[in-house]
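Biologist: Could you pick one part of this model and walk me through it up close? I'd like the cut-offs along with the picture.

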Amino acid sequence: MSDLKTGVRYEVALEVLGQGRQPIMSAIAHERQKAQPSQPFIRYCEMRLDAIDELQDSLEPSDTDTIERILDPNSTFRMR
């Protein structure tokens, strides 16, 4: 794979991870608006956000297998 294509796929993977944060942040906001928010659910969502942050921070263009799993629409890893 060319360096340009590798770089583009890396950037797209970072974008996909960033987009995966939005529904989780919305779920936290929605939960916090409830009369009795579920703290375990909020903590679960926050842990998912932390995991996404860690993956974004540590992902390198050379991590091609991980990048392909992030980009694969059929991957069980893929956030929907």
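**From the ring pair to the helix packing**

Modeller: Let's start with F41, which is partly exposed at 33% relative accessibility; with a 1.4 Å probe and protein chains only, buried means under 20% relative accessible area, exposed over 50%, and partly exposed in between. Before going on: this is a predicted model, so local features need pLDDT of at least 70 and side-chain atom pairs count only at pLDDT 80 or more, while totals for chains, interfaces and linings use all residues. Residues are numbered from 1 along each chain as its sequence is written, and side-chain values use heavy atoms, with hydrogens and water left out.

Y44 is also partly exposed, at 41%. The count of aromatic pairs comes to one. That pair is F41 with Y44, tilted, at 6.5 Å centre to centre and 35° between the planes. The rule pairs rings of Phe, Tyr and Trp (its six-membered ring) whose centres lie within 6.5 Å; planes under 30 degrees apart are stacked, over 60 edge-to-face, and the rest tilted. Because F41 and Y44 sit three residues apart in helix α2, about one helical turn separates them. Helices here are DSSP runs (H or I, at least four residues), numbered from the N terminus.

Now the core. The largest nonpolar core has 15 residues, and A13, I24, I28, L59, I67 and I70 have the most contacts inside it. α1 (3-32), α2 (39-58) and α3 (64-71) each supply at least two of its residues, and α1 gives the most, with seven. Such a core is a set of buried Ala, Val, Leu, Ile, Met, Phe, Trp, Tyr and Cys residues joined through side-chain atoms within 4.5 Å.

Zoom in on L59: leaving aside neighbours within four places in sequence, L59 is in contact (heavy atoms within 4.5 Å) with Y10, A13, L14, L17, T66, I67 and I70. T66 belongs to helix α3 and is partly exposed at 25%. The C-alpha atoms of T66 and L55 are 9.7 Å apart, for residues eleven apart along the chain.

Finally, α1 and α3 pack at an angle of about 50°, with axes 9 Å apart. That makes α1 oblique to α3, since angles under 35 degrees count as roughly parallel, over 145 as roughly antiparallel, 65 to 115 as roughly perpendicular and the rest as oblique. Axes are lines fitted to C-alpha atoms, for helices over the stretch in contact, and angles run from 0 to 180 degrees between N-to-C directions. R9, Y10, V12, A13, V16 and L17 of α1 meet I67, E68, I70 and L71 of α3.
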